[in-house]
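Dear colleague,

Please find the structure below, handed over for your records.

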Amino acid sequence: MMAKLLSAGETVEWEPPWQDRLPAEKRVRYWLAVPTPPLRLRYRRRCTALGARRVTPRQLLDAIAAELSAMEPGPDQVEIRDRHLALVTEVQEAWDARAARLTAGEYEGEEGAAAYVVDGEASAAQEAEVEAIGRALVEFSPRLADLYAAGDTWTEAAGLAAAEVFLAGWENIATPFRRAVPDRLPDPVLMAVPELHLRLLALHIETLFAPTEEEQGNSAPPSSSPSTESDSGTTSTAPPTDL
């Protein structure tokens, strides 16, 4: 089916990960409107309207540490509490060290990216243990329960908001892409997007908010996606940005 250019505008193509086993011509691809400042504001407002609230790992660590510090354990539980608190403090320090390296630009380039992975793996076991401690405290801490609930639903709500504001077209999804009004998509269109893709979109759209070094040094705008011929029996819709 021939692709249709919905309207002129700058877009970026995004192919969700973990489609390696599919042939290239069968992989789902999306076109996203370039996140201009007005679109970003509309996205934030839509996130708020959907109840999306992002909780950072550091916020959770601080909340877990606060709950442990406020506990009044019995004599036979003091040692366990102190051990848990020391572990949380250790993970907090690891997060702060990585944040400092990130700010200093030490994770840039291929070597930096590899170092970031190594640093993350070094504290992965401790972070998993702290996660278990935090989840166990939820029963006794309304604050932690609220933070975990917000974190657990953020990617879902933010993915819906990102799709409604930035999604401009797709390829290899049977349902034709269409948009009725700005910042909204019809339910059949949203339901055609795999849930995993919505969650990944919530994370991916944040990376588009900050230009790469290459983009900062190149003022040429990205070209809009061309109409293409598809023999897969699915709609290939090249996309607009004036949503």
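A crossing of two helices is called left-handed if the near helix is turned anticlockwise from the far one by less than a right angle, and right-handed if clockwise. The model is predicted, so to speak of local features requires pLDDT of at least 70 and side-chain atom pairs count only at pLDDT 80 or more, while totals for chains, interfaces and linings use all residues. Residues are numbered from 1 along each chain as its sequence is written, and side-chain values use heavy atoms, with hydrogens and water left out.

Helix packing

Helices (H or I, at least four residues) are DSSP runs numbered from the N terminus. Axes are lines fitted to C-alpha atoms over the stretch in contact, and angles run from 0 to 180 degrees between N-to-C directions.

H2 passes H3 (residues 78–103) in a left-handed crossing. The two pack at an angle of about 155 degrees, with their axes 10 Å apart. H2 is therefore roughly antiparallel to H3 (angles over 145 degrees). In their contact (heavy atoms within 4.5 Å), Leu-61, Ile-64 and Leu-68 are among the H2 residues, and Leu-85, Val-88 and Trp-95 are among those of H3. The contact residues divide into nine nonpolar, three polar and four charged; here Ala, Val, Leu, Ile, Met, Phe, Trp, Tyr, Cys and Pro count as nonpolar, Asp, Glu, Lys and Arg as charged, and the others, Gly among them, as polar.

H2 (residues 57–70) also packs with H5 (residues 124–137), at an angle of about 60 degrees and with axes 10 Å apart. Leu-61, Ile-64, Glu-67 and Leu-68 of H2 meet Val-130, Ile-133, Gly-134 and Leu-137 of H5.

H1 (residues 37–49) and H6 (residues 142–166) pack at about 140 degrees, with axes 9 Å apart. The crossing of H1 and H6 is right-handed.

The structure holds one cavity of 30 Å³ or more. A cavity is a set of points on a 1 Å grid over the protein atoms alone where a 1.4 Å probe fits but cannot get out, and lining residues have an atom within 4 Å of a point. The largest cavity has about 30 Å³ of space, the volume being that filled by probe spheres set on the points, which are joined across faces, edges and corners. Its lining includes Trp-14, Tyr-30 and His-197, and H8 (residues 195–207) gives the most, with three residues.

Yours sincerely

Note on methods: On a 1 Å grid over the protein atoms alone, a cavity is a set of points where a 1.4 Å probe fits but cannot get out, and a pocket is an open set with protein on both sides within 12 Å along at least five of seven lines; lining residues have an atom within 4 Å of a point. Angles under 35 degrees count as roughly parallel, over 145 as roughly antiparallel, 65 to 115 as roughly perpendicular and the rest as oblique.
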